[in-house]
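Please load the model in a viewer and keep the sequence panel open beside it. The stops below proceed from a single residue to the whole chain and back to selected contacts.

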Amino acid sequence: MAESTLWWLLAGGAIVAELVTGTFYLLMLALGFAAAALASYAGGSTVLQTLVASVVGGGAVAVWHRVRSKHPKNLPASANPDVNLDIGETVQVDAWNADGTAQVHYRGANWTVLHRPGNVPTAGPHRVAEVIGNRLLVDKL
């Protein structure tokens, strides 16, 4: 079996492992294996092929890690407007209960709302900041 075939099998195995685990870094290693296969086609020695796989795969992992570290972390689903379309919507709070909750009519149903800690519970329009189970955490507008 040709050395390039072994590198292609390793690349395919890394891709399959990525599909099973969801680890994007395995795709970067697969790039290194594919580069080693191309080095094999070019007639490079086994040492050169291994070096190419290491440099390309490891370099791709390092670059991808650096790119990901520069982006902010995603908000939890309960506070992420991309996941929960209620975030940012406005509700009208008429009165607060003694326990710090209120009832509002929102999207055709009654919801229990909580004010964000540190805010004084006052009546009026509020913005939904987070959805916690079946309760809305709100900020005063």
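**First stop: an exposed loop residue**

Select Arg107, which counts as exposed because its relative accessibility is 56%, over the 50% cut-off. The model is a predicted one. Arg107 belongs to the loop that links strand 2 and strand 3. Display its backbone torsions: phi of Arg107 is near 55°, a positive value in a residue that is not glycine. Most residues other than glycine have a negative phi.

**Second stop: the whole chain**

Now zoom out and colour by secondary structure. The protein contains 3 helices and 5 strands, and from the N terminus their order is α-α-α-β-β-β-β-β. The radius of gyration is 27 Å, well over the 14 Å that the globule rule gives for 141 residues, so the protein is more spread out than a compact globule. Along the principal axes, the C-alpha trace spans about 80 × 25 × 20 Å.

Of its 141 residues, 32% count as buried. Colouring by charge shows 9 positive and 9 negative side chains, with the centres of the two sets 7 Å apart.

Which residues have the most contacts inside the largest nonpolar core? Select Val91, Val104, Val113, Val128, Leu136 and Val138; the core to which they belong has 13 residues. The elements that give two or more residues to this core are strand 1 (90–93), strand 2 (101–106), strand 3 (109–115), strand 4 (124–132) and strand 5 (135–140). Strand 2 gives the most, with 3 residues. In soluble globular proteins, nonpolar side chains tend to be buried together.

Keep Val138 selected and show its contacts, leaving aside neighbours within four places in sequence. Among them are Val91, Trp96, Val113, Leu114 and Val128. The contacts of Val138 also include His115, Arg116, His126 and Arg127, as well as Asn119.

**Last stop: Asn119**

Move to Asn119, in the loop between strand 3 and strand 4. Is Asn119 buried or partly exposed? With a relative accessible area of 31%, Asn119 is partly exposed. Beyond its neighbours within four places in sequence, Asn119 is in contact with Val138 and Asp139. Draw a C-alpha to C-alpha distance from Asn119 to Val138: the two are 9.4 Å apart in space and 19 residues apart in sequence. For the chain as a whole, among contacts between residues at least 6 apart in sequence, 43% join residues at least 24 apart.

Conventions:
Residues numbered from 1 in each chain as written. Predicted model: local features only at pLDDT ≥ 70, side-chain atom pairs only at ≥ 80, totals over all residues. Heavy atoms only, no water. Helix = DSSP H or I, 4+ residues; strand = E, 2+ residues; numbered from the N terminus. Rg over C-alpha atoms; globule rule 2.2 N^0.38 Å. Buried < 20%, exposed > 50% of the residue type's maximum accessible area, 1.4 Å probe, protein only. Contact = heavy atoms within 4.5 Å. Lys, Arg positive; Asp, Glu negative; His and termini not counted. Charge placed at Lys NZ, Arg CZ, Asp CG, Glu CD. Core = buried A, V, L, I, M, F, W, Y, C linked by side-chain atoms within 4.5 Å.
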